[in-house]
Amino acid sequence: MTADVPPIHDRAVEAVAALLGRERLMSVATNRPDGWPQVTTVGYIAEGLRLYFVVARNSQKFRNLQADPRMSAAIRAGHGPAGDAVGVSFAGLAEEVVEPAAVERLNQQVIARFPDVHVYCPGDDSVAVMAFSPSIVTAVSVIGGRSHAETFSIGDPPESTRSPETVLF
């Protein structure tokens with residue numbers, strides 16, 4: 001999937017990480033058993049270019065990801081006077097975070113980032129914390145009504161953008 005896509009460079013990592021740090025909602029697309037895509041909006045937190053979100057265990061989204069971990073995500077930011085905007089879309093794999101210490105660390109990050117807001121929290125009592133590790137990112141900008149996109153493959157984020165607790169994918 002990434003053989004003919006150039007690797008992401010430091011400036012692009014910094015720009016995407018900055019956008020992820022400013023925004024709080026993403027659209028998640030999963031594959032349903034009948035082959036149709038399912039898209040929903042979820043709140044997220046980011047560590048570098050790795051994204052975390054919560055789903056109800058009884059949700060279609062959770063069942064979809066258990067059956068097929070491939071997913072895509074899209075995040076849009078900015079609304080300028082002429083409809084200008086920037087955004088990113090990702091393709092990669094999702095997996096459940098099951099390590100109790102990691103779940104607690106992520107819970108604390110959510111509380112710190114969203115102290116007054118419940119960002120699309122699942123309504124069910126039983127939830128799963130999901131980690132999304134993208135392998136492809138497409139950065140899109142719309143300026144003056146014209147769009148421009150650049151697609152990159154993702155490996156380990158460059159050292160300059162890692163925080164000490166960043167989980168690498």
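# Briefing on a predicted single-chain model

The protein chain has three helices and eight strands, where helices (H or I, at least four residues) and strands (E, at least two) are DSSP runs numbered from the N terminus. This is a predicted model, in which local features need pLDDT of at least 70 and side-chain atom pairs count only at pLDDT 80 or more, while totals for chains, interfaces and linings use all residues. Residues are numbered from 1 along each chain as its sequence is written, and side-chain values use heavy atoms, with hydrogens and water left out.

**Confidence and overall organisation**

- The mean pLDDT of the protein chain is 83, and 82% of its residues reach 70 or more, pLDDT being the predictor's confidence in each residue on a scale from 0 to 100.
- Over residues 157-169 pLDDT stays under 50, and for this stretch the model has 28 contacts beyond four places in sequence, a contact meaning heavy atoms within 4.5 Å.
- Read from the N terminus on, the elements of the protein chain follow the order α-β-β-β-β-α-β-β-α-β-β.
- Of the contacts in the protein chain with a separation of 6 or more, 68% come from residues 24 or more positions apart.
- Buried residues make up 36% of the 169 residues in the protein chain; buried means under 20% relative accessible area, exposed over 50%, and partly exposed in between (1.4 Å probe, protein chains only).
- The accessible surface of the protein chain comes to about 9400 Å², with 55% of this belonging to carbon and sulfur atoms; accessible areas come from the Shrake-Rupley method with a 1.4 Å probe, and for residues only the protein chains shown count as cover.

**Salt bridges**

- Side chains of opposite charge can pair when their charged atoms come close.
- The structure holds five salt bridges, each defined as a side-chain nitrogen of Lys or Arg within 4 Å of a carboxyl oxygen of Asp or Glu.
- One of them joins the side chains of Arg-105 and Glu-47, at 2.2 Å from N to O; Arg-105 lies in helix H3 (residues 100-113) and Glu-47 in strand S3 (residues 45-47), so this pair ties together parts that are 58 residues apart in sequence.
- Within that pair, Arg-105 counts as partly exposed because its relative accessibility is 25%, whereas Glu-47 is buried, with a relative accessible area of 5%.
- Another salt bridge is formed by Glu-95 and Arg-50, whose closest N and O atoms are 3.1 Å apart; the pair links distant parts of the chain, with Glu-95 in strand S6 (residues 85-96) and Arg-50 in strand S4 (residues 50-56), 45 residues apart.
- Glu-95 is partly exposed at 46% relative accessibility, while Arg-50 counts as buried at 7%.
- Arg-70 and Asp-68 also form a salt bridge, the closest N and O atoms being 2.7 Å apart, and Asp-68 is buried, with a relative accessible area of 16%.

**Two alanines in strands**

- Ala-74 lies in strand S5 (residues 70-77) and counts as partly exposed because its relative accessibility is 36%.
- Leaving aside neighbours within four places in sequence, Ala-74 is in contact with Met-26, Ser-27, Val-88 and Ser-89; Met-26 is 48 residues from Ala-74 in sequence, yet the two C-alpha atoms are 5.6 Å apart in space.
- Ala-94 is found in strand S6 and is buried, its relative accessible area being 6%.

- Helix H1 (10-22), S6, strand S7 (127-143) and strand S8 (146-153) are the elements that give two or more residues to the lining of the second largest pocket, and H1 gives the most, with five residues.
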